[in-house]
Amino acid sequence: MPPLFWPGAIALSLSLGGLVLWLDDAYLGLCAAFLTTGSFALQVVHILKTRETKAISLGMYLAFGCGVLLWLVYGLKIGDRPVTIANSITLALASTVLLLKLRNESRT
């Protein structure tokens, strides 16, 4: 990575770190859920555009999917709607990536 990237990344990290100290707990949770769930939406869109899944780790997505499923069950058990909703969406997106990976591997 170019050396100019690192100072920008450090400044961004410090800015975000300062911001989260001022956020209400509910907004902090919503931001975290939006970013983590959104990252999988970006992955799904990328795979659908490129049809490329070779670099995706099957083991990682299997383990991650199991972990998200447990978070979903946890959210349901404690009645935490944001945890339940975020993990439902993340599980659907991660499962989509996993299914696309398995489909592409079966073709090769």
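**Entry 1: T37**

Is T37 buried or exposed? I looked this up in a predicted model, and T37 turns out to be buried, with a relative accessible area of 11%. I then checked where T37 sits, and found it in helix α2, which spans residues 25-50. Next I asked which residues T37 touches, leaving out those up to four places away in sequence. My list reads A86, I89, T90 and L93.

**Entry 2: the pair α3 and α4**

My next stop was a pair of helices. Two packed helices are described by the angle between their axes and the distance between the axes, so I looked up both values. Helix α3 covers residues 58-78 and helix α4 covers residues 81-107. Their axes come within 9 Å and cross at roughly 155°. Angles over 145 degrees count as roughly antiparallel, so α3 is roughly antiparallel to α4. I also noted the hand of the crossing of α3 and α4, which is left-handed.

Which residues make this contact? From α3 I wrote down L58, Y61, L62, F64, G65, V68, L69, W71, L72, G75 and L76. From α4 I wrote down V83, T84, N87, S88, T90, L91, A94, V97, L98, K101, L102 and E105. Sorted by type, the residues of the contact of α3 with α4 are 15 nonpolar, six polar and two charged. I was pleased to meet T90 again: T90 is part of this contact, and T37 touches T90 too.

**Entry 3: E105**

E105 is found in helix α4 and is partly exposed, with a relative accessible area of 38%. How far apart are E105 and T53 in sequence and in space? They are 52 residues apart along the chain, yet 8.2 Å apart in space, C-alpha to C-alpha.

**Entry 4: R51**

R51 lies in the loop between α2 and α3. I checked its backbone and found that phi of R51 is near 60°, a positive value in a residue other than glycine.

**Entry 5: what the record says**

Last, I opened the UniProt record, an unreviewed entry, and read that it annotates residues 27-48, 55-76 and 82-100 as "transmembrane region". I compared two of these stretches with the model. Over residues 55-76 the chain is 86% helix and 0% strand, and the end C-alpha atoms are 33 Å apart. Over residues 82-100 the chain is 100% helix and 0% strand, with the end C-alpha atoms 27 Å apart.

Technical notes: Residues are numbered from 1 along each chain as its sequence is written. This is a predicted model: local features need pLDDT of at least 70, side-chain atom pairs count only at pLDDT 80 or more; totals for chains, interfaces and linings use all residues. Side-chain values use heavy atoms; hydrogens and water are left out. Axes are lines fitted to C-alpha atoms, for helices over the stretch in contact, and angles run from 0 to 180 degrees between N-to-C directions. Helices (H or I, at least four residues) and strands (E, at least two) are DSSP runs, numbered from the N terminus. Angles under 35 degrees count as roughly parallel, over 145 as roughly antiparallel, 65 to 115 as roughly perpendicular and the rest as oblique. A crossing is left-handed if the near helix is turned anticlockwise from the far one by less than a right angle, and right-handed if clockwise. Contact means heavy atoms within 4.5 Å. Ala, Val, Leu, Ile, Met, Phe, Trp, Tyr, Cys and Pro count as nonpolar, Asp, Glu, Lys and Arg as charged, and the others, Gly among them, as polar. UniProt positions are given in the numbering used here, feature names are shortened, and annotations may be inferred rather than shown by experiment. Buried means under 20% relative accessible area, exposed over 50%, partly exposed in between (1.4 Å probe, protein chains only).
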